[in-house]
Amino acid sequence: MGQQVSTRPLKVKVAAAVQHGQERIAGRSKLIDQALQHLRLSQGKHWEGATPYDKYASLALAVRDLVVERMIQTQAAYADQDVKRVYYLSLEFLLGRLLRNNLVNLGLYSECCSVVSADSDFDHIFDVEPDAGLGNGGLGRLAACYMDSAASQGYPVYGYSIRYEHGMFHQEIENGWQLERPEYWLRFGTPWELVRPEFATVVRLRGHVEHRTDSQGRYRPAWVGYHTVVGVPYDIPMVGYGGRAVNILRLWASSASEMLNLEAFNQGGYLEAVREKVLNETISKVLYPADQTQRGRHLRLVQQYFFVACTLADILRRYDRDHDTIDDLPNKVAIHLNDTHPSIAVAEMMRILVDDRGLGWDRAWEMTQAIFAYTNHTLLPEALETWPVWMFEQWLPRHLQIIYEINKRFLEQVEWRWPGDDGRKRRMSLIQEDEPRSIRMAHLAIVGSHTINGVAELHSHLIRQRLVPDFAELWPDRFTNVTNGITPRRWLKAANPGLAAAITRRLGEDWVCDLNQLKGLIRYADDPEFQDEFRRIKQANKRRLCEHVLRTAGVILPADSLFDVQSKRLHEYKRQLLNILHVVMLYHEMLARPQERVPRVFIFAAKAAPSYHRAKLIIKLIHDVARTVNSDKRLDGRLRVAFVPDYCVSVAEIMVPAADLSEQISTAGMEASGTGNMKFALNGALTIGTLDGANIEIREAVGAENFFLFGLTAEQVAERRSRYNPWEVYHANPIVRQALDAIADGAFSPQEPHLFKQVRDWLTSEGDRYMLLADIESYAETQRRVDALWRDPVAWTRTAILNVARMGKFSSDRSVSEYAQRIWNTSPVRIDRIPIQGESNSLVAESKASRQPHA
């Protein structure tokens, strides 16, 4: 017999936790036993010889055992009740780490923490898990929040995306410059996923279309001469709060249909023998491959079609399993396009229904429109994808024919509504006729969907009024709004356990699934005891962030300063440049009058797209300003600047609870919604922001007096743009001019004195597209109001508590319920909990669940 590992101290801790009056969840008392069993049988280790990763993987596998039981149970309930299922297609799902979140949702987090604290080796077990690198920013994080909310409320929602091998890049900073390194979230695999080779799907690419007719003389085109790639599905369980429902996120990995050319290999052509395998597996290699080259553009198109083709084949396979005809498809299937990336699904569905299922065009189109809905996430025209016609001809010849036919019939509708209006037809056409001719994918999504929504009230209004006004005039009832939301399970209960516990002690536990109950905190806003506890929790969170910044950026931060945080994707319209320009202005002011302003820490975190030169230069500027400011002893530490590298979900979970001030300063009319603004406010940060995106609704909810508003409105931006001259601000405001000249003349880059001259040019001679100088004076004055409130800790804390208390609207539970009721036409499913893990009727439950293939 092998050496016996003593687990008695761990078991004693677990037993104590269970006996402490906590509600028992089936399997709770066995979790640690299962983890130790996985340590031996799955990892092949004794406790004494196990690495932190071994311990993480063992606990994760034990949790997965519980989750998979409930996933089978959930899918069996959906099948038994023949429910209408929702398929949420998103090229991004920014999940973050799953162990802590799954434990929270299963109600096992407290128990595990008590066990973890029993052994020092377990202290950092949660930090071992890599972030799942499946997204770039808000789009992917929103999708992840929606999966949490759908499962927590029992909605039958399936997520679909790509299993990116490397995902979003790992950001390193070298001498202030961003460097992109491959991100290896799958280096050691992940314990959360289940491979489903039985559902592998063959995808066709290239080839040509032959024009054929059937025996009755009907046109039946045939896509021939294609080559194939295989999509292999991997499932990640999405755990709802309480663990009753567990939905599925299915990710597709590309694989070659022929893994090895044995003939070439035997003739010594070793590289040629695996060429097809390497090329095909490239499809799911990286999220958003750089598209400044033709090959990069090709890969992006192929990646999007691969994702869509695999997903629609899977959806129809699941439908066919329970239905004999295609007739009921719109009543059993809802497909949601999360932004423009998956919009080729409209043409693919038509190809399947017309070519493979033999439906007539009109019936197939009626079905397609009844199935699809589309969420737009951007007001920037350049972000609405277009693809060259010639590229479709090369890669997707049949789909190009289908899009031409959709467009022909659609333009006939436009002609009928507006006879002779050729200008309108050009604007609305799915084909952009200017050279090079291209396909407007957003137009395809709009024409092929029964509902189109924006993600904040202003955004939805601007879609109708500015982005696609012709479509909104043609189909006014198709356009609606569903304001974004965030899951309170991850973004408050898990990320900020101190504040969550303080809230629960006063309001009970139900707020976790009914965020409107936070209104109960309003009566505690002036309570000295709660204010003191609120400040202590915030300080603890700030100290935790200080440790992270010191470890990752090498910057020492004073935790008693005001923490001013801007963390989001780096883009000019988000105006990180406005923030750092104000830092330079403040730096000059504090050198002259150091005691007039409160001690302030500015914290940035952002990734720039690899080919986005301007965004990378802004990151470099932030670092150079930080180096200068932080080393200036005349400030005596009253002003500090830090850039936190490699921003991701797990870093956000440290930053968000620690912020005192949240920077939401995009040019009005350019941010669709934002969700970072919601996360910060829910965790007690005050917002300084423009009337843009969801900022407007947050301000309405928390009260205008509890929001630091500045800047032009979207209407004022549009009205002023044609006559805006940024040079007027430059010459009229000596403080702004001093800051811009210092940047341009090399004050912060003495080794490269001309490096940032172009920054001044962007904001002056090049027209200041994002109107930073138009808002800078208002922004600086509003920052003075921030200082004034910070000097009164009681008033600041009261305002912060009221922000938390009034954030109930911004739960993703509300968002998902609105989608379900108004767009998807589906309802929560009753899932009777089947006892598991050795309870008396577990074998009966297993038999019942196994009768229905769960996926």
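Predicted model: local features only at pLDDT ≥ 70, side-chain atom pairs only at ≥ 80, totals over all residues.

**Helices and strands in contact**

Let me begin with helix α14 (residues 361-371) and helix α16 (residues 397-417), which pack at an angle of about 90° with their axes 13 Å apart. That angle makes α14 roughly perpendicular to α16, because angles of 65 to 115 degrees count as roughly perpendicular, those under 35 as roughly parallel, those over 145 as roughly antiparallel and the rest as oblique. Residues are numbered from 1 along each chain as its sequence is written, and side-chain values use heavy atoms, with hydrogens and water left out.

Helices (H or I, at least four residues) and strands (E, at least two) are DSSP runs, numbered from the N terminus. Axes are lines fitted to C-alpha atoms, for helices over the stretch in contact, and angles run from 0 to 180 degrees between N-to-C directions.

Which residues of α14 meet α16? They are W361, D362 and W365, which meet I402, E405, I406 and R409 in α16, where contact means heavy atoms within 4.5 Å. By class, this contact of α14 with α16 has 4 nonpolar, no polar and 3 charged residues; Ala, Val, Leu, Ile, Met, Phe, Trp, Tyr, Cys and Pro count as nonpolar, Asp, Glu, Lys and Arg as charged, and the others, Gly among them, as polar.

Now turn to strand β16 (residues 451-454), where T451 and N453 on one side and I452 and G454 on the other are all buried, buried meaning under 20% relative accessible area, against exposed at over 50% and partly exposed in between (1.4 Å probe, protein chains only). In a regular strand the side chains alternate between the two faces of the sheet. Strand β12 (residues 372-375) runs parallel to β16 and is joined to it by 3 bridges, with T375 standing opposite N453. Strand β17 (residues 479-481) also pairs with β16 in the parallel sense, over 3 bridges, and there N481 is the bridge partner of G454; two strands pair if DSSP finds at least two bridges between them.

The next region is an open sheet of 6 strands, in the order β20-β19-β18-β21-β22-β23 with parallel pairing. Its edge strands, each pairing on one side only, are β20 (639-643) and β23 (708-709). Helix α24 packs on this sheet, touching β18, β19, β20 and β21 (661-664), and its direction makes about 155° with that of β19.

How does α24 (residues 576-592) lie against helix α25 (residues 613-631), and at what angle do they cross? Their axes come within 10 Å and cross at roughly 20°, which makes α24 roughly parallel to α25. Among the residues in this contact are L577 and I580 of α24 and I618 and L621 of α25, and the contact divides into 10 nonpolar, 2 polar and no charged residues.

Finally, please find E129, in the loop between α6 (125-128) and α7 (138-153). Is E129 buried or exposed? E129 is buried, with a relative accessible area of 4%. Not counting residues up to four places away in sequence, E129 touches Y56, R97, L98, L99 and W192.
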